[in-house]
Amino acid sequence: MSTDVAPSGEPPAAEAVAGAVRRIWADVLEVEVESIDIHHSDFFELGGYSLLALQSIGRLLAEYGVDEVASVELEGALLNRLFEEATPMAQAECLVAAGHGAAAPGGDAGP
């Protein structure tokens, strides 16, 4: 198991996934990507609500190719995590912990 970390101290996969979460949130919430900090921005403080949360989670799962069977359980885990800690990094860590998001979509994997 790799112990590599990004400059922020996060695993590279989590950093890459957090960037995807950030981009999806910006689109769903209709805000500028730059206005979202992966460690501190709160989905609900940015104007999010439960329906938008489900839309963003669905898009994230689709982007990472999570199959329909796995997505049912993971969607619940991601939603619970969002209500506990509503940051892009928390969503990313949940997805990576479930074994998804090891590389950025489109082959843009980190170092």
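Buried residues are those with under 20% relative accessible area, exposed residues those with over 50%, and partly exposed residues those in between, with a 1.4 Å probe and protein chains only. The structure is a predicted model, in which local features need pLDDT of at least 70 and side-chain atom pairs count only at pLDDT 80 or more, while totals for chains, interfaces and linings use all residues. Residues are numbered from 1 along each chain as its sequence is written, and side-chain values use heavy atoms, with hydrogens and water left out.

The secondary structure of the protein consists of four helices and zero strands, arranged along the sequence in the pattern α-α-α-α. These elements are DSSP runs numbered from the N terminus, with helices (H or I) of at least four residues and strands (E) of at least two. Of the 111 residues in the protein, 37% are buried. Contacts are defined by heavy atoms within 4.5 Å; among those with a separation of 6 or more, 59% join residues 24 or more positions apart. The accessible surface comes to about 6200 Å², of which carbon and sulfur atoms hold 53%; areas were computed by the Shrake-Rupley method with a 1.4 Å probe, and for residues only the protein chains shown count as cover.

Helix α2 (residues 50-63) has 14 residues and spans 20 Å from its first C-alpha to its last, close to the 20 Å expected at 1.5 Å a residue. The expected span is 1.5 Å times one less than the number of residues. The buried residues of α2 are L52, A53, S56, I57, L60 and L61. An α-helix has 3.6 residues a turn, so residues three or four places apart point the same way. Helix α2 is followed by G65, which has a positive phi near 65°.

A nonpolar core is a set of buried Ala, Val, Leu, Ile, Met, Phe, Trp, Tyr and Cys residues joined through side-chain atoms within 4.5 Å. The largest such core has 28 residues, of which W25, F43, L60, L61, Y64, L78 and L95 touch the most other members. Helices α1 (12-29), α2, α3 and α4 (88-97) each supply at least two residues of this core, and α1 gives the most, with 10 residues. Residues up to four places away in sequence aside, L60 touches A20, V21, I24 and L95.

One cavity of 30 Å³ or more was found in a search of the whole structure. A cavity is a set of points, on a 1 Å grid over the protein atoms alone, where a 1.4 Å probe fits but cannot get out, and lining residues have an atom within 4 Å of a point. Grid points are joined across faces, edges and corners, and a volume is the space filled by probe spheres set on the points. The largest cavity has a volume of about 40 Å³ and is lined by V21, I24, W25, S56, I57, L60 and Q91.

Helix α3 (residues 68-84) contains S71, which counts as buried because its relative accessibility is 17%. Beyond its neighbours within four places in sequence, S71 is in contact with L61 and V66.

Helix α4 is mostly covered, with seven of its 10 residues buried, namely P88, M89, A90, Q91, A92, C94 and L95. E93, also in α4, counts as partly exposed at 31% relative accessibility. The C-alpha atoms of E93 and A14 are separated by 5.6 Å, although these residues lie 79 residues apart along the chain. Helix α4 is followed by G99, with a positive phi near 90°.

Definitions and conventions:
1 Å grid on protein atoms, 1.4 Å probe; cavity = no way out; pocket = protein on both sides within 12 Å on 5 of 7 lines; lining within 4 Å.
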